[in-house]
Amino acid sequence: MSSDRGRDFTPDQGYFSSINSSEGGESHQSSTTPSRYESQKRRDWNTFCQYLRNQRPPVALPQCNSSHVLDFLRYLDQFGKTKVHLQGCIFYGQPEPPAPCACPLRQAWGSLDALIGRLRAAYEENGGSPETNPFATGAIRMFLREVKECQSKARGIPYKKKKKKPDQQSGGESTSSSTFSFS
């Protein structure tokens, strides 16, 4: 029993079992390697499950809620590589500070947003219900919005939606992008 403790998945859980299965040639994925996205999703899922097992007391996946997810995201900050200036820092709001400072490194908002997307998908692929998905709650969306706003203010770079370039459907005609407004 203790030898199974370090394992992330058992074969009956089904997550990526078709990729790892060498029998039953009917599986389309068994002959190909998983995509970069699928591999990252599996690593993220394994990391999150390990995080839950390491809690005292360990948290079973069905008991996982948005507070566990928020704790996990805060835990990940210690491995971040993005400098986020604190409000008292003389470089707060400067996109390219001229000197180093003691402000903490954090996970970048975009990385957290992508991570939550992968974990949200993995949760449902592992039998979780969309209605109970702890990665899809309002608390998680609010946390991500706050991180995004905080980081954009700290770096002095506002996050803006990128405007789509207009399609040039008529062969030789060129249209000015300033005449189009996309929201």
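Tyrosine 123 and phenylalanine 135 are both buried, where buried means under 20% relative accessible area, exposed means over 50% and partly exposed covers what lies in between, with a 1.4 Å probe and protein chains only. Before going on, a word on the ground rules: this is a predicted model, in which local features need pLDDT of at least 70, side-chain atom pairs count only at pLDDT 80 or more, and totals for chains, interfaces and linings use all residues. Residues are numbered from 1 along each chain as its sequence is written, and side-chain values use heavy atoms, with hydrogens and water left out.

Now for the overall layout. The protein chain has five helices and two strands, taken as DSSP runs numbered from the N terminus (helices are H or I with at least four residues, strands are E with at least two). Along the sequence they come in the order α-α-α-β-β-α-α. The chain has 183 residues, of which 28% count as buried. Contact here means heavy atoms within 4.5 Å. Among contacts in the protein chain with a separation of 6 or more, 59% join residues 24 or more positions apart.

Back to the aromatic rings. A pair of aromatic rings is described by the distance of the centres and the angle of the planes. Rings of Phe, Tyr and Trp (its six-membered ring) pair if their centres lie within 6.5 Å; planes under 30 degrees apart are stacked, those over 60 are edge-to-face and the rest are tilted. That rule gives 10 aromatic pairs. One of them joins tyrosine 75 and phenylalanine 79, edge-to-face with 5.5 Å from centre to centre and 80 degrees between the planes.

Leaving out residues up to four places away in sequence, phenylalanine 135 touches Trp45, Phe48, Val69, Ile116, Leu119, Arg120, Tyr123 and Ile140. In the largest nonpolar core, which has 24 residues, phenylalanine 135 is among those with the most contacts inside it, together with Trp45, Phe48, Val69 and Leu73. Such a core is a set of buried Ala, Val, Leu, Ile, Met, Phe, Trp, Tyr and Cys residues joined through side-chain atoms within 4.5 Å. At least two residues of this core come from each of helix H2 (36-54), helix H3 (66-76), H4 and H5. H4 gives the largest share, seven residues.

How do the helices meet? For H3 and H4, the axes come within 12 Å and cross at roughly 140 degrees; axes are lines fitted to C-alpha atoms, for helices over the stretch in contact, and angles run from 0 to 180 degrees between N-to-C directions. H3 is therefore oblique to H4, given that angles under 35 degrees count as roughly parallel, over 145 as roughly antiparallel, 65 to 115 as roughly perpendicular and the rest as oblique. On the H3 side, Val69, Phe72, Leu73 and Leu76 make the contact, and on the H4 side Leu112, Leu115, Ile116 and Leu119 do. Buried residues of H3 include Ser66, His68 and Leu70, and the cover over the buried part of H3 includes H2, H4 and H5.

H4 and H5 pack at about 165 degrees with their axes 9 Å apart, and they are therefore roughly antiparallel to each other. Here Trp109, Leu112, Asp113 and Ile116 of H4 meet Ile140, Phe143, Leu144, Val147, Lys148 and Gln151 of H5.

Finally, the strands. Threonine 82 is in strand E1 and, not counting residues up to four places away in sequence, touches Pro104, Leu105, Arg106 and Ala108. Threonine 82 and glutamine 151 are 69 residues apart in sequence, yet 9.2 Å apart in space, C-alpha to C-alpha. Histidine 85 lies in the loop between strand E1 (82-83) and strand E2 (105-106) and is buried, at a relative accessible area of 6%. Beyond its neighbours within four places in sequence, histidine 85 is in contact with Phe91, Tyr92, Pro97, Cys101, Cys103 and Ala154.
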